[in-house]
Amino acid sequence: MRAHHITMHVQESMILFLYGPDTYRSRAQMKKMVAKFKADRDPQGLNVIVLDALVETPGKILEQILSAPFLAEKRMVVIERLLESKHKELQQELLSRAKEGRFSADTVLLFWDEIEKPKLKDAKALFEELKKQKFAQEFGALQGRQLETWVAAELQARGGKIGV
């Protein structure tokens, strides 16, 4: 007699982290990710929440992170400027949840911050954990050749030319 093995796939939560001083490129990337999520999973836009941590309360932010999707499989919660905020208890809670994988698999979390190195202890610890995530992307200031290449690509994408 052969034993049948049933394997269950545990879905991991998806954490996206966009950070760095080049807010033009990081915001463009964030908009692309939100647009793709809406196109793929949420055409009505009922399950995409954008919160600015410098404005919202920690309670509201955590409530949105932990809420279930509305009439959909997944939802996306975008949290801006959490590392700049003074919400140290929230930063500690999210650090703990990130380390232990205690976010719901049906919520895509996108953290966006413009700072490179947080100053406060709790923000630093969360920053280091978010940088380890599979989908972390730094947007440093472009210089020299990198900047020239980016400008040329941006011009071409917009149908422009620079004459000499």
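## A buried salt bridge

Arg-25 and Asp-22 join their side chains in a salt bridge at 2.5 Å, N to O. A salt bridge here is a side-chain nitrogen of Lys or Arg within 4 Å of a carboxyl oxygen of Asp or Glu. Both partners, Arg-25 and Asp-22, are buried. Buried means under 20% relative accessible area, exposed means over 50%, and partly exposed lies in between (1.4 Å probe, protein chains only).

## Model and conventions

This is a predicted model, in which local features need pLDDT of at least 70, side-chain atom pairs count only at pLDDT 80 or more, and totals for chains, interfaces and linings use all residues. Residues are numbered from 1 along each chain as its sequence is written, and side-chain values use heavy atoms, with hydrogens and water left out.

## Overall fold

The protein has five helices and five strands. Helices (H or I, at least four residues) and strands (E, at least two) are DSSP runs, numbered from the N terminus. Along the sequence the pattern reads β-α-β-α-β-α-β-α-β-α.

Of the 164 residues in the protein, 38% are buried. The exposed surface comes to about 10900 Å², and carbon and sulfur atoms supply 53% of it. Areas come from the Shrake-Rupley method with a 1.4 Å probe; for residues, only the protein chains shown count as cover. Among contacts with a separation of 6 or more, 79% link residues 24 or more positions apart. A contact means heavy atoms within 4.5 Å.

## The sheet

Five strands form an open sheet in the order β2-β3-β4-β1-β5, with parallel pairing. The edges are β2 (48-52) and β5, each with a single partner strand, so one side of each has no neighbour in the sheet. On average, neighbouring strands are turned by 10° against each other, direction ignored. Two strands pair if DSSP finds at least two bridges between them. Strands of a sheet pair through backbone hydrogen bonds, either parallel or antiparallel.

Strand β2 runs parallel to β3 (residues 75-80), and five bridges join the two. Ile-49 has Val-77 as its bridge partner in β3. Asp-52 stands opposite Glu-80 in β3. Four of the five residues of β2 are buried, so the strand is largely enclosed by the rest of the structure.

## Two residues around β2

Asn-47 sits in the loop between α1 and β2. Its relative accessibility is 2%, so Asn-47 counts as buried. Not counting residues up to four places away in sequence, Asn-47 touches Phe-37, Asp-42, Pro-69, Phe-70, Ala-72, Lys-74, Arg-75 and Met-76.

Asp-52 lies in strand β2 itself. At 17% relative accessibility, Asp-52 counts as buried. With residues up to four places away in sequence left out, Asp-52 touches Glu-80 and Arg-81.

## Helices on the sheet

Helix α1 (residues 23-41) lies across β1, β2, β3, β4 and β5. Helix α1 runs at about 165° to β3. Axes are lines fitted to C-alpha atoms, for helices over the stretch in contact, and angles run from 0 to 180 degrees between N-to-C directions.

Helix α4 (residues 121-131) has Asp-122, Ala-123, Leu-126, Phe-127, Glu-129 and Leu-130 buried. Seen down the axis of α4, these buried residues fall within an arc of 165°, so they line one face of the helix. The arc is that of the directions from the helix axis to the C-beta atoms. An α-helix has 3.6 residues a turn, so residues three or four places apart point the same way. The buried residues of α4 pack against β1 (14-19), α3 (88-100), β4 (107-113) and β5 (135-138).

## Other salt bridges

The structure holds 10 salt bridges. One of them links the side chains of Glu-56 and Lys-60 at 3.7 Å, N to O. Glu-56 is partly exposed at 21% relative accessibility. Lys-60 is also partly exposed, at 36%.

Arg-102 and Glu-100 form another, at 2.6 Å, N to O. Arg-102 is partly exposed, with a relative accessible area of 34%. Glu-100 is exposed, at 52%.
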